[in-house]
Amino acid sequence: MASSWKLILFLSVAGYLSEYSGALPNFPTSYAALLRIKKSSSSSLFGSKTRPRYSNPSLGTLSVSSPSWRGAAQHYYSPINLYHSSDAFKQDESVDYGPLFVQEPDDIIFPADSDEKKVALNCEARGNPVPNYRWLRNGTEIDLDSDYRYSLIDGTFIINNPSEAKDSGHYQCLATNMFGSILSREAILQFAYLGNFSGRTRSAVSVREGQGVVLMCSPPPHSPEIIYSWVFNEFPSFVAEDSRRFISQETGNLYISKVQTSDVGSYICLVKNTATNARVLSPPTPLTLRNDGVMGEYEPKIEVHFPFTVTAAKGTTVKMECFALGNPVPTITWMKVNGYIPSKSRLRKSQAVLEIPNVQLDDAGLYECRAENSRGKNSFRGQLQVYTYPHWVEKLNDTQLDSGSPLRWECKATGKPRPTYRWLKNGVSLLPQNRIEMVNGVLMIHNVNQSDAGMYQCLAENKYGAIYASAELRILASAPTFALNQMKKTIIITKGQEVIIECKPQGSPKPTISWKKGDKAVRENKRIAILPDGSLRILNASKSDEGKYVCQGENVFGSAEIIASVSVKEPTRIELTPKRTELTVGESIVLNCKAIHDASLDVTFYWTLKGQPIDFEKEGGHFESIRAQASSADLMIRNILLMHAGRYGCRVQTTADSVSDEAELLVRVPEIITGDMESAMAVDLNPWVEYEFRVVATNPIGTGDPSTPSRMIRTNEAVPKTAPTNVSGRSGRRHELVIAWEPVSEEFQNGEGFGYIVAFRPNGTRGWKEKMVTSSDASKFIYRDESVPPLTPFEVKVGVYNNKGDGPFSQIVVICSAEGEPSAAPTDVKATSVSVSEILVAWKHIKESLGRPQGFEIGYRKDMEQEDAAETVKTRGNESSVILTGLEGNTLYHFTVRAYNGAGYGPPSSEVSATTKKSPPRQAPSNLRWEQQGSQLSLGWEPVRPLANESEVMGYKVFYRQEGHSNSQVIETQKPQAVIPLPDAGVYIIEVRAYSEGGDGTASSQIRVPSYSGGKITSAQSTLHTLSPSSSSVTLLLALMIPSTSW
């Protein structure tokens, strides 16, 4: 009987295209059936989930991306390599660089009974030199020679005849070249299988009519998850789910809330493996009715419910089950406590399943399902928690540092729960050491050296996933060298000019720079300074500055030097004649331009008309440049036309300087009109320009007064003939190409609808990209393209057009795309209180190859103020500190620093704080007492007692000066007394102030003390304080006080 049943079963399967499995009547309960489904098949009856993704068929591996595999943890994001350098750089075979992953291993589910007997874990990395590969399983390196089943083809690790006991686990690929190693994400190798149900006969379940029942599936061992369905009596009669019957995909059990006579029969649980599509049937479970009566009505009892805590990944679909037994059949309803169920939600299986697709963080909360019938109600509540995988918000950049410099890398990721961070160096966990600190995703290495070079990875992880960021650290170590074009140069300038002699040696660590003129070190003063970049600047140059200058760059690896010769000449002067001339159309003129210059300098002359260079080849023979002498040039203008009127410029250029001057030429209509004519034609006027005209009468006796001007009249439009000049680049944000030009003046626009055509293309490519700029006043165009790396050279030209057509383009110039705003925040920001109103803010800034700062902005605010109320102070250049003044005393301030340039602002630093000093004591020293003995004065006073909100007294300052003098001398003392020298005869004015860390306090009242050469006098004779300083009065008083003194 058994064998014949098997034959019928196989025929049944064949008849259903290997799609379904089932049980036939009278199936022996000691048997189970296993069915294999073809890869290409699908079944709506079985509710199949996303199909697994198969890898290369020749290797026979099965890679599964089903969201249900490994529960919620199946959504691993591949590691992201966040290199600042462009792909073009990484693909340049002439550039060496560390490994960079192209492909990383994926999770694999391998069917245990697969006909294919190989598993392949893929790994590929770029690098120069080409990387080699090693593999780790569960954190331990795999010895490829230890097992004949292992092989490595390029980076792909192949396992022949894989075994669950030996080979399941977590795998990682390690790619290595001379610059270091990087570790891939973890890939999990698991084995898919589906066991058989126990062949033990299942006992019949007997219930009363109207009673609820649960039929247990008790699935066999399996991996990964399975899908449940139930067969009623015979295949293919599947149990249809409705408000009375429910199959839980969590437990696999069949729930019937209220049994009817039609439910009596045999029930078989069918399970399907989601990875392999294998299916097995359980032994049948008979359901019978008891004959001792019908079950009465009773309130709902919830038998199936979702967990107290449901966790789901953002973006996935959440399914929550709730089903109750009861008589009458209960109705299921859902609600979200303190909120609304998302509108995108769907109710399935007669409301027994709440399904929320694409779940988001705001979908989280407390959910309640309620089962209710006429006998009562019951409910269950559970919490939905939505988590997110780590996601990068701040990336790592490849970095090159001088030996001894500090490194600061920060990686920042979002995620729920909040990610934690680990750092790897060359694939091995990095541990804190004396120089190495790791805090909240920030890696700091002080005083880097060659041992710190390598490949670093930041790993951000929470309990649901992990992501990797990689970057290469190179440590530069070399003796100073100079570029060939810096090695020896001669600089010629004129008196009074500024000269800057560049000195930019390349070396690591950064070379220290020293300057010599001849054999003597250069001394800095108001005119001569060594700039922060090492260059030497000389202001207001004179003959004394001539000579040979030597710049030396030195570091621990060696030194190098360059020599520059500076020659100072007399400044060039220019004389242009005549300055203003009025001509008639058809006449000719010669403009003479004379240069008075140093005889050792060569001179070049340039001529312009209305600011535009004169093109002697295209002006129809009207213009000729005549160079009769070395120091002068003539401009011959023949047969002059109206259009030749305007301002003529002569520019004299020498190797040391450039000077220019202008002359004005007025052109009038020729006097060829006879006295009996009443009209004339003016020719060769500029298009689309307004003109006015006057008429002058003349005869042999002389010329009369001109008429009143005519009304303004505009000439007709024409195609523009003048191209924009001074086409150049400007600073902008990263990925921007900023093109600027000098607008064409209105008199050369030749018509309405005037605008510009901006054409550009990457250097060395074909085909121009053109953009129209419709404003005639425009002087700039910004092109933005995220794919354009910083400092990419472009060929650029700017043309003109109007309603009549397109005009000429400017000459082609090469402009680089913007390097962008600074990308790094200043580090080591410190704020130190200096006084009651001053705080010193200092910082450091990591040198960047792009986004170089032009200065820094310091933001500061009081403790209780909002951030948007912060005030700012800007510095320029490479300053690394600033003293903020005008602050309130005894007040807590918060500070941030950020770099800026023409493209914008970089990120702010971490906030630091400092409190200004307390104000100095307001109480003045009082009760001053003194005693004079010869040329010394002993002074004492009452100590100053500061208030609670005032600074403690650190000491006292005694200010004294001779009457009639403005400069005081100061004596400091920590005690309320001092000895003051009074060496010269005369009256001294003295006052005392307490001083504290908040500054100087209030001054005491002044006292006036005479200095004399003998005897003793004390402040007891206080009348001295108010006496007139006349010599007769003072002499009389001294005689009375000191009778023994010899005069």
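User: What is the order of the strands in the open sheet of 4 strands, and what is their pairing?

Analyst: In this predicted model, the order is β51-β53-β57-β56, and the pairing is antiparallel.

User: What makes β51 and β56 the edge strands?

Analyst: Each of them pairs on one side only, β56 being the strand at 623–629. Neighbouring strands in the sheet are turned by 20° against each other on average, direction ignored.

User: How do you know that β51 and β53 pair?

Analyst: Pairing requires at least two bridges between the strands. β51 and β53 are joined by 5 bridges and run antiparallel, so they meet the requirement. One of the residue pairs is Leu576 with Cys593, the latter in β53.

User: Why are β37 and β38 called paired strands?

Analyst: The cut-off is again at least two bridges. Between β37 (residues 436–439) and β38 (residues 442–445) there are 4 bridges, and the strands run antiparallel; therefore they count as paired. Glu437 has Met444 in β38 as its bridge partner. The hairpin of these strands has 2 residues between them, and Asn440 takes a positive phi near 50° there.

User: Why is the contact of Lys344 with Asp363 called a salt bridge?

Analyst: The rule asks for a side-chain nitrogen of Lys or Arg within 4 Å of a carboxyl oxygen of Asp or Glu. In this pair the closest N and O atoms are 2.9 Å apart, so the contact qualifies.

User: Is Asp363 buried or exposed, and what is Lys344 called?

Analyst: Buried means under 20% relative accessible area. Asp363 has 6% and is therefore buried. Lys344, at 29%, counts as partly exposed.

User: What makes Glu570 and Lys495 a link between distant parts of the chain?

Analyst: Their side chains meet in a salt bridge at 2.6 Å, N to O. Glu570 is in the loop between β50 (558–569) and β51 (573–577), while Lys495 is in the loop between β42 (488–494) and β43 (499–501), 75 residues apart.

User: How many salt bridges does the rule give, and which residues are linked in a network?

Analyst: The count comes to 45 salt bridges. Lys319, Arg346, Arg348 and Glu355 are linked in a network of them.

User: Which residues of the largest nonpolar core touch the most other members?

Analyst: Trp607 and Tyr648 do, among the 24 residues of that core. Strands that each supply at least two residues to this core include β51, β54 (604–609) and β58 (646–653). β53 gives the most, with 4 residues.

Note on methods
Residues numbered from 1 in each chain as written. Predicted model: local features only at pLDDT ≥ 70, side-chain atom pairs only at ≥ 80, totals over all residues. Heavy atoms only, no water. Buried < 20%, exposed > 50% of the residue type's maximum accessible area, 1.4 Å probe, protein only. Core = buried A, V, L, I, M, F, W, Y, C linked by side-chain atoms within 4.5 Å. Axes fitted to C-alpha atoms, helices over the stretch in contact; angles between N-to-C directions.
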